[in-house]
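Keep the sequence and the 3D view open while you read.

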Amino acid sequence: MEDTVCPPPIYRFLPADALSAAAPLLGLGMCSTMVWGGSWFIPGILIGIVGMLIMASAYPVFTRITKIRREKLAPEILKLTDELMK
C-alpha cells in the first residue's frame, strides 16, 4: 500500500511513549519520598513532579497530533466515500 499516510518519525512515539516514560518517573519519585526518605525526599518530589508534568502534557500532544492527522486524511476519506456511493 504505497498510498498509506505515514506520520513523520517524531510523531510515531508520542504520546504513548511519553506516558510510559512518565509513569516510572512518578513511581520513582513516590518511592524516593515514601520508602527511602532521608536524603532522597526532596529529589523524589522533584522527580515525581517531572513525571506528573509529562503525564499532563501527553493528552494535549495527542489531541494536536490527532487533529493534524484527521485534516490530512479527511479529503481522501471523502473521495473514497464518494466512489462507494456511485
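Leaving aside its neighbours within four places in sequence, which residues is alanine 22 in contact with? The answer is Gly51, Ile54 and Met55. Before going further, keep in mind that this is a predicted model.

**The overall picture**

- There are 86 residues in the protein, and 16% of them are buried.
- If you take the contacts with a separation of 6 or more, 59% of them come from residues 24 or more positions apart.
- The protein exposes about 6900 Å², and carbon and sulfur atoms supply 71% of that area.

**Alanine 22 and glycine 51**

- Alanine 22 sits in helix α1, while glycine 51 has its place in helix α2.
- Alanine 22 counts as buried because its relative accessibility is 0%, under the 20% cut-off for that label.
- Glycine 51 also has a relative accessible area of 0%, so it is buried.
- Not counting residues up to four places away in sequence, glycine 51 touches Ala22, Leu25 and Leu26.
- Glycine 51 and glycine 27 are 24 residues apart along the chain, with 8.3 Å between their C-alpha atoms.

- Serine 32 belongs to helix α1, and with 0% relative accessibility it counts as buried.
- A polar atom of the serine 32 side chain lies 2.8 Å from the backbone oxygen of leucine 28.
- Looking past residues up to four places away in sequence, you'll find serine 32 touching Gly37, Trp40, Phe41 and Gly44.
- Cysteine 31 is in helix α1 too, but its relative accessibility is 27%, so it counts as partly exposed.
- The C-alpha atoms of cysteine 31 and glycine 48 are separated by 9.3 Å, and these two residues are 17 positions apart along the chain.

**A nonpolar patch on the surface**

- Leu28, Met30, Met34, Val35, Trp36 and Trp40 form a nonpolar patch on the surface.
- Together, the residues of this patch have about 670 Å² of accessible area.
- One of them, methionine 30, lies in helix α1, which covers residues 16-36.
- Methionine 30 is partly exposed because its relative accessible area is 41%, which falls between the 20% and 50% cut-offs.

**An aromatic pair**

- The structure holds two aromatic pairs, and one of them is formed by tyrosine 59 and phenylalanine 62.
- A pair of aromatic rings is described by the distance of the centres and the angle of the planes.
- For tyrosine 59 and phenylalanine 62, the centres are 6.3 Å apart and the planes are at 35 degrees.
- That angle makes the pair tilted, because stacked planes would be under 30 degrees apart and edge-to-face planes over 60.
- Both residues lie in helix α2 (residues 41-85), where tyrosine 59 and phenylalanine 62 are three residues apart, about one turn of the helix.

Technical notes. Residues numbered from 1 in each chain as written. Predicted model: local features only at pLDDT ≥ 70, side-chain atom pairs only at ≥ 80, totals over all residues. Heavy atoms only, no water. Phe/Tyr/Trp six-rings, centres within 6.5 Å; stacked < 30°, edge-to-face > 60°. Helix = DSSP H or I, 4+ residues; strand = E, 2+ residues; numbered from the N terminus. Buried < 20%, exposed > 50% of the residue type's maximum accessible area, 1.4 Å probe, protein only. Contact = heavy atoms within 4.5 Å. Areas by Shrake-Rupley, 256 points an atom, 1.4 Å probe, with all protein chains shown as cover. Patch = residues over 30% accessible without salt bridge, like charges linked within 9 Å, V, L, I, M, F, W, Y side chains within 5 Å. Salt bridge = Lys/Arg side-chain N within 4 Å of Asp/Glu carboxyl O. Polar contact = N/O pair within 3.5 Å; in protein donor to acceptor, adjacent residues only side chain to side chain.
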